[in-house]
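Please find below a colleague's note on the structure shown here.

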Amino acid sequence: MTSRGVAALAAGLLLTATSGLPVLAQQRPPGLVPDPTSVEGGLWGAMERTEAEARRSADLNSDPALNDYVRGVACRVAVEYCGEIRVYVMDRPYLNAQMAPNGYMEVWSGLLLRAENEAQLAFVLGHELGHFLENHSLERWNNNKAWATAAMVVSVGAGVAGAYYGVDMRGIGDLAYLAAVASVMNYSRSQEEEADAIGFERMVAAGLEPTAAAAVWRQQQAETRASTFRSVRQSEAMGSVFRTHPLTAERVAALDTLARDRPGGREERERYRAAMRPHLAAWLADDLSRRDFNASLTLTERLERDGLDLGVLEFHRGQILRQRRDDGDLELARDAYLTATGYEDAPVAAWRELGDLQARLGDPEAARVAWRTYLERATAADDRWIVEDSLTALEAKP
Ligand SMILES: [Zn+2]
């Protein structure tokens, strides 16, 4: 969204917010379409413009199979609201999902990468649905807090979206637009607890595993504690990149209590991983742009636990260590690349990087073997000439 677009959005909402209609207290009925002159109608209009931005975004993941899968999981928890939800998968390496009052939902690849199974994803999407069902954004709007935030978006530009991981997010999409979306989804703690409970009940009703709810938030807390950045480690873990959805210990404990004495359900782990697999390598490469190496290592170790996708994951571990460059990291990176090359799903780049590190670490024979393997396998790679040059230089040495 352009800054003019954000200004128009805020101005439009300011006008409709003053019409003084009562706050909706009950869950919305399925198929609700508000009067366009009402407060909610104004919010919908703004979100429709935001949705149009999402549809045009360069970050939009256009893989129909992935979008169908994620939409299917959303419908597993949305049930009677399925027909009014539009899901957009965005390739952005931060944990985030959000749902606007007009039924437009964004699911970011950072969430898809981190959820371990369908039950975890279903819980997070059910949580977002909970905000939608309870009209939380409208409640915020009526409390004047959301449009105060929107006014701030206009005055300070993109600052609100901030840098949750202590890194610059300007590389992803249009920050003013992201901040405008976040401004109406900055919920209170009691709203968060309510959304957790709704997400939990809907996920369990779909036959999925009750303990998945607390697990997905615990994983996020563990990643936050492991962060390379002290400011992140010292902050409370967040359920969203926008510093919304604070993950308090009370929230996790409440989900543990809800899961107690419930019969077990299905995790749908293999099905989930199969749906994500075609995008795994690209999302991991995106994840490196956060430069939160220790959080990324924690994530990688967790994803490796069930023994799937080890060629891709060990290659990623090598990439993290090679960039982190702590003492001994080059040796550890070499070992990770070497491990990766033992798996069928290793990317060809693993042999190129392995050759590079073997040469740097003083094993020219091992470097030669790795680079030759790379050239045999990467028959169409653009960088073949670089590897050929390196090999020639190596072989010219006495
Ligand atoms: Zn929330």
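1. The model is predicted; local features need pLDDT of at least 70, side-chain atom pairs count only at pLDDT 80 or more, and totals for chains, interfaces and linings use all residues. Residue numbers start from 1 along each chain as its sequence is written.

2. The chain contains 19 helices and 3 strands; helices (H or I, at least four residues) and strands (E, at least two) are DSSP runs, numbered from the N terminus. Of its 398 residues, 46% are buried, where buried denotes 20 or more other C-beta atoms within 10 Å of the residue's own, with C-beta atoms placed from the backbone. Among contacts between residues at least 6 apart in sequence, 67% join residues at least 24 apart; a contact requires C-beta atoms, placed from the backbone, within 7 Å.

3. The strands form an open sheet in the order β1-β3-β2, with mixed pairing (two strands pair if DSSP finds at least two bridges between them). Because β1 and β2 stand at the edges with a single partner strand each, one side of each is left without a neighbour in the sheet. The twist averages 15° from one strand to the next.

4. Two helices pack on this sheet. Helix α3 (residues 64-78) touches β1 and β3, and its direction makes about 130° with that of β1. Helix α5 touches β2 and β3, its direction making about 30° with that of β2. For these angles, axes are lines fitted to C-alpha atoms, for helices over the stretch in contact, and values run from 0 to 180 degrees between N-to-C directions.

5. Strand β1 (residues 86-90) runs parallel to β3, joined by 5 bridges; Arg-86 has Tyr-104 as its bridge partner. Strand β2 (residues 97-99) pairs with β3 in the antiparallel sense over 3 bridges, and Met-99 is partnered by Met-105. The β2-β3 hairpin has 4 residues between the strands, and Gly-103 there takes a positive phi near 95°.

6. How many residues of strand β3 (residues 104-108) are buried? The count is 5 of 5. Tyr-104, Glu-106 and Trp-108 lie on one side, with Met-105 and Val-107 on the other.

Terms used:
A residue is buried if 20 or more other C-beta atoms lie within 10 Å of its own, exposed if 12 or fewer, and partly exposed in between; C-beta atoms are placed from the backbone.
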